[in-house]
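Here's a quick tour of a protein model. Have the sequence and the 3D view open while you read.

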Amino acid sequence: MPNQQTRRLTPAGAHDGSFDLYMRHWNVCLVLLSGEAAGSEYRLDRPVVKVGRSLDNDIRIDDSSISKRHATFEFEDGAFRVVDHDSTNGTHLNQDPVRVAEMAHGDHLRMGEHAFRLVVEKRDATPTIEIPKSD
């Protein structure tokens, strides 16, 4: 769902969809934007990253607004996409409910009551994300 505020970043030579090549050039993470743990980073450092409340997830979020197997982040054709697994409270990308959607740098993601931003930066880059102040 790219729009004027998002961009897909693919390094030169990574158009073959190679995860290893992509990860040599880019750091990819979800930054938590809300709650006590705001600012926490969850790296998407594998071709498939599972998110949910169960212990067997790669990113475990122990909160009742998150389903046991809420969503999966998958790398395919040079980009990450989010796949919702019929979660109770849904997955939203840039405020739109999604089942499957390609993600890009700067996208906002909400799973249950947790808000995240996808950050894609060149390796060795200094993070540039700002965490909104809570009221």
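## About the model

This is a predicted model, where local features need pLDDT of at least 70, side-chain atom pairs count only at pLDDT 80 or more, and totals for chains, interfaces and linings use all residues. Numbering starts from 1 along each chain as its sequence is written, and side-chain values use heavy atoms, with hydrogens and water left out.

## Overall make-up

The protein has 1 helix and 11 strands (DSSP runs numbered from the N terminus: H or I of at least four residues for helices, E of at least two for strands).

Of the 135 residues, 45% are buried, meaning under 20% relative accessible area with a 1.4 Å probe, protein chains only. The accessible surface is about 7800 Å², and carbon and sulfur atoms make up 44% of it (Shrake-Rupley method, 1.4 Å probe). As for contacts (heavy atoms within 4.5 Å), take those with a separation of 6 or more: 43% of them link residues 24 or more positions apart.

Six strands line up in an open sheet, in the order 2-1-11-10-7-8, with antiparallel pairing; two strands pair if DSSP finds at least two bridges between them. Strand 2 (41–43) and strand 8 (96–98) sit at the edges, each pairing on one side only. From one strand to the next, the twist averages 30° (axes are lines fitted to C-alpha atoms, and angles run from 0 to 180 degrees between N-to-C directions).

Cys29 has Arg43 of strand 2 as its bridge partner.

Terms used. Buried < 20%, exposed > 50% of the residue type's maximum accessible area, 1.4 Å probe, protein only.
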